[in-house]
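Please open the model in a viewer and keep the selection panel at hand. The stops below say what to select and what is there.

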Amino acid sequence: MKKLITFLLVCLMAVSFCACAKKPHEESTDINIAENLYKVSVDINIAENEISDMLLFNKISNQINYEYLSYAFAEPELSKQYENVVLPEDEAEVEVSLLESKLVAQKCKEYGVHLTAEDTTKTALGEYDLLKQDPGQSRYYNAIISALDKNSVTEEDYLKISEKQAYYKYNSVSLKRYFAEKIFDASKGTTLDEQYDYYINKLVDEYLR
């Protein structure tokens with residue numbers, strides 16, 4: 001199912017392996033990690049245009065994925081597969097998602113595993129160019145163009161709103177890798193995904209208190 005992943009997701013894992021290494025002076029002790037696990041030292045601001053951009057990006061992404069999945073699946077399997085990749089199109093949910101993404105990016109900065117917008121944009125655009133040139137991805141690329149036409153969005157504008165989403169996605173993968181290496185506790189009997197999801201939910205809850 002690798003071809004089901006959008007160009008933003010295709011290169012996440014590759015970036016995480018090369019961009020998450022920390023310099024010696026950036027290493028955190030276990031004590032410091034524990035003390036700052038849920039603490040965020042800056043205020044998080046969310047602008048209206050950020051919400052509208054993510055709403056549009058999610059809407060387009062959902063249309064892309066649904067059209068592409070339709071090539072491979074019929075109902076009821078189509079709906080099942082779509083639910084695995086669907087993104088929120090509700091404004092309140094998107095605002096929470098943005099808050100979570102910004103908190104994750106801030107934690108990446110604190111732990112020395114932050115990826116800059118310049119780096120994530122360069123990587124995302126490079127992957128998009130590869131997608132366009134790969135004959136094996138033609139159906140997916142055609143699904144992108146179809147969704148853009150439906151929403152009267154140019155490819156250039158789509159890439160602009162995609163850049164910020166790439167920044168959040170790449171840093172999310174970066175933080176999860178750091179969490180796996182430095183915070184995950186295998187003795188607890190829960191999976192990495194379960195512990196990481198709890199960590200992110202707790203991070204948001206603590207910030208909103």
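**Whole chain**

Of the contacts in the protein chain with a separation of 6 or more, 83% are between residues 24 or more positions apart. The model is predicted. Colour it by secondary structure: the protein chain has 10 helices and 0 strands. Colour by burial next; of the 209 residues in the protein chain, 38% are buried.

Then colour by pLDDT. The average for the protein chain is 85, and 83% of the residues score at least 70. Select residues 1-29, where the pLDDT is below 50. Beyond near neighbours in sequence, that stretch has 60 contacts in the model.

**The largest nonpolar core**

Select Ile60, Ile64, Tyr128, Tyr140, Ile144, Leu148 and Tyr158. These are the residues with the most contacts inside the largest nonpolar core, which has 16 residues. Show the helices around them: H4 (48-72), H7 (117-133), H8 (138-150) and H9 (155-182) are the elements that give two or more residues to this core. H8 supplies the largest share, 6 residues.

Centre on isoleucine 144. Which residues is isoleucine 144 in contact with, leaving aside its neighbours within four places in sequence? They are Ile64, Tyr128, Leu131 and Tyr158. Apart from this core lies another, of 12 residues, including Tyr111, Tyr178, Ile183 and Ile200.

**Alanine 147**

Stay in helix H8 and select alanine 147. Is alanine 147 buried or exposed? Its relative accessible area is 1%, so alanine 147 is buried. Leaving aside neighbours within four places in sequence, the contacts of alanine 147 are Ile60, Gln63 and Ile64. Draw a distance between the C-alpha atoms of alanine 147 and isoleucine 64: the separation is 5.9 Å, for residues 83 apart along the chain.

**H6 against H10**

Select helix H6 (residues 91-111) and helix H10 (residues 192-208). Their axes are 10 Å apart, and the helices pack at an angle of about 100°. H6 is therefore roughly perpendicular to H10, as angles of 65 to 115 degrees count as such.

Now show side chains at the contact. On the H6 side, select Leu99, Glu100, Leu103, Val104, Lys107 and Tyr111. On the H10 side, they meet Tyr196, Tyr199, Ile200, Leu203, Val204, Tyr207 and Leu208. Colour this selection by residue class: the contact of H6 with H10 has 11 nonpolar, 2 charged and no polar residues.

Technical notes:
Residues numbered from 1 in each chain as written. Predicted model: local features only at pLDDT ≥ 70, side-chain atom pairs only at ≥ 80, totals over all residues. Heavy atoms only, no water. Core = buried A, V, L, I, M, F, W, Y, C linked by side-chain atoms within 4.5 Å. Buried < 20%, exposed > 50% of the residue type's maximum accessible area, 1.4 Å probe, protein only. Helix = DSSP H or I, 4+ residues; strand = E, 2+ residues; numbered from the N terminus. Contact = heavy atoms within 4.5 Å. pLDDT = per-residue confidence, 0-100. Axes fitted to C-alpha atoms, helices over the stretch in contact; angles between N-to-C directions. Parallel < 35°, antiparallel > 145°, perpendicular 65-115°, else oblique. Nonpolar A, V, L, I, M, F, W, Y, C, P; charged D, E, K, R; others polar.
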